[in-house]
Amino acid sequence: MEYKSLRIMISGGGTGGHIFPAVSIANKLKELNPQTEILFVGAEGKMEMEKVPAAGYRIVGLPIVGLQRQLSLKNIVNDIQVPFKVVSSIFKAKKILREFKPQVVVGVGGYASAPLLWAASGMGIPCLIQEQNGFAGLTNRKLGNRVQKICVAYEGMERFFPADKIVMTGNPIRSIIVPATPEMKAEGEKEYGLTPGKKHLFIVGGSLGSGRMNQSMKKWIADGCPGMEGVDVLWQCGRYYKSGIDAFMEEQKARNPEALSAIRHSDFIGRMDLAYAAADVVISRAGASSVSELCAAHKATIFIPSPNVAEDHQTHNAMALVKRDAALLVRDAEAVEKMMPTALELLKDPARIAALEENAGKMALPDAAGKIADEIYSLVK
């Protein structure tokens, strides 16, 4: 395929799970042709208005806001304003579209995608959406009938979108996430102070951390770390919880110094590729990017889906793997009692780990950004 320079408009934000795929697609388009012009559209006041410029791209904001489900005076005032801000955002989106004249508009979810793609599709501009999760978000579901292409990462998405528009591409992930070599494993052990020859458990709760996963770890440690013999733990507790975990670990060291010497806790993991490479088993939330990375890394994973997400989409993401014997699942409400016993039992079963790794690898969809870029080019008239 000849990759001519294009003018592309991309909308996606609200969470890192929307921003990262959007930026990855933009990076791939610029890699294919550095002359391609890209303009992002976000929601005013949301994190994309800072994260996208930090990635090197221009972004303009729409005054769009979403409905708030919790009852409060502030949320009632917000919800009264929503219809007016939707109309205002559509008018502003049309103005931006007329000025930039994109050949294709891409949406990856988030508040700003709805008015932008609604306006673009009404103006006859080809549109593509990318759905990261196994349960489609409301914005993308509403847009499904108006766009030309729908790029997905899970099978069975015909229940949300017209089947003839769906293309299986996977989710864009970091290119450094690959199946571990012995050299990568050794480097990961050295990077994080893990003991060669031991089993390694990697617990990752995201950049802010997971309160439930941290609570589960604290109970297990307070109980004396039962079943830890021959195991090292790398525990990413998150910035929000770091000071509290530090104080807790200091208290526990006096009671069980030997066991705690085999636990490395940190607020942030800089080299996720090496952490994955060193790990025999991973415990993780089930956000779309995390699931895709763990498949690409061929990791045996225990998912603890967050219940604090729209339409419980993390459980749908995790179950797509569980149904194929490619991962295990522990419910968030059961994590305190079951998370660590499940992980330690799995670490004792090399054959089970190998089966999970093989099946997770079969679900990996490499170079998703490249496949999405090709679909974008297929829409150019």
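Strands β1 and β2 run parallel and are joined by 5 bridges, one of which pairs Ile8 with Ile38 in β2. Helices (H or I, at least four residues) and strands (E, at least two) are DSSP runs numbered from the N terminus, and two strands are taken to pair if DSSP finds at least two bridges between them. The model is a predicted one, in which local features need pLDDT of at least 70 and side-chain atom pairs count only at pLDDT 80 or more, whereas totals for chains, interfaces and linings use all residues. Residues are numbered from 1 along each chain as its sequence is written, and side-chain values use heavy atoms, with hydrogens and water left out.

The chain contains 15 helices and 13 strands. Of the 381 residues, 51% are buried, where buried means under 20% relative accessible area, exposed over 50%, and partly exposed in between (1.4 Å probe, protein chains only). Among contacts (heavy atoms within 4.5 Å) between residues at least 6 apart in sequence, 67% join residues at least 24 apart.

The pair β1 and β2 belongs to an open sheet of 7 strands with parallel pairing, ordered β3-β2-β1-β4-β5-β6-β7. Strands β3 (58-62) and β7 (166-168) stand at the edges of this sheet with a single partner strand each, so one side of each is left without a neighbour in the sheet. Neighbouring strands of the sheet are turned by 25° against each other on average, direction ignored; axes are lines fitted to C-alpha atoms, for helices over the stretch in contact, and angles run from 0 to 180 degrees between N-to-C directions. Strand β2 (residues 37-43) is also joined to β3 by 5 bridges, again in parallel, and the bridge partners in β3 include Val60 for Val41 and Gly61 for Gly42. Because 6 of its 7 residues are buried, β2 is largely enclosed by the rest of the structure. From β2 the chain passes through helix α2 (residues 48-54) to β3 in a right-handed β-α-β crossover, meaning that, with the strands pointing away from the viewer, the path from the first strand over the helix to the second runs clockwise.

Helix α4 (residues 113-122) lies across β1 (7-11), β2, β3, β4 (104-107) and β5 (127-131), and runs at about 155° to β4. In the loop between α4 and β5 lies Pro126, which is buried with a relative accessible area of 9%. Leaving aside neighbours within four places in sequence, Pro126 is in contact with Gln103, Val104, Val105, Gln148, Leu379 and Lys381. The C-alpha atom of Pro126 is separated by 50 Å from that of Arg264, which is 138 residues away along the chain.

A further open sheet, of 6 strands with parallel pairing, has the order β10-β9-β8-β11-β12-β13, and its edge strands, β10 (263-266) and β13 (328-329), each pair on one side only. Strands β12 and β13 run parallel and are joined by 2 bridges, with Leu328 in β13 as the bridge partner of Ile302. Helix α13 (residues 335-347) packs on this sheet, touching β8 (199-204), β9 (231-236), β11 (281-284), β12 and β13, and its direction makes about 145° with that of β8.

Within β12 (residues 301-303), Thr301 is buried, with a relative accessible area of 1%. Apart from neighbours within four places in sequence, Thr301 is in contact with Val282, Ser284, Leu294, Ala327 and Leu328. A polar atom of the Thr301 side chain lies 3.3 Å from the backbone oxygen of Lys299.

Finally, helix α15 (residues 368-378) has 8 of its 11 residues buried, so this helix is largely enclosed by the rest of the structure. The buried residues of α15 are Ala368, Ala369, Gly370, Ile372, Ala373, Glu375, Ile376 and Tyr377.

How values were computed. A polar contact is a pair of N or O atoms within 3.5 Å; within protein, one must be able to donate a hydrogen and the other to accept it, and residues adjacent in sequence count only if both atoms are side-chain atoms.
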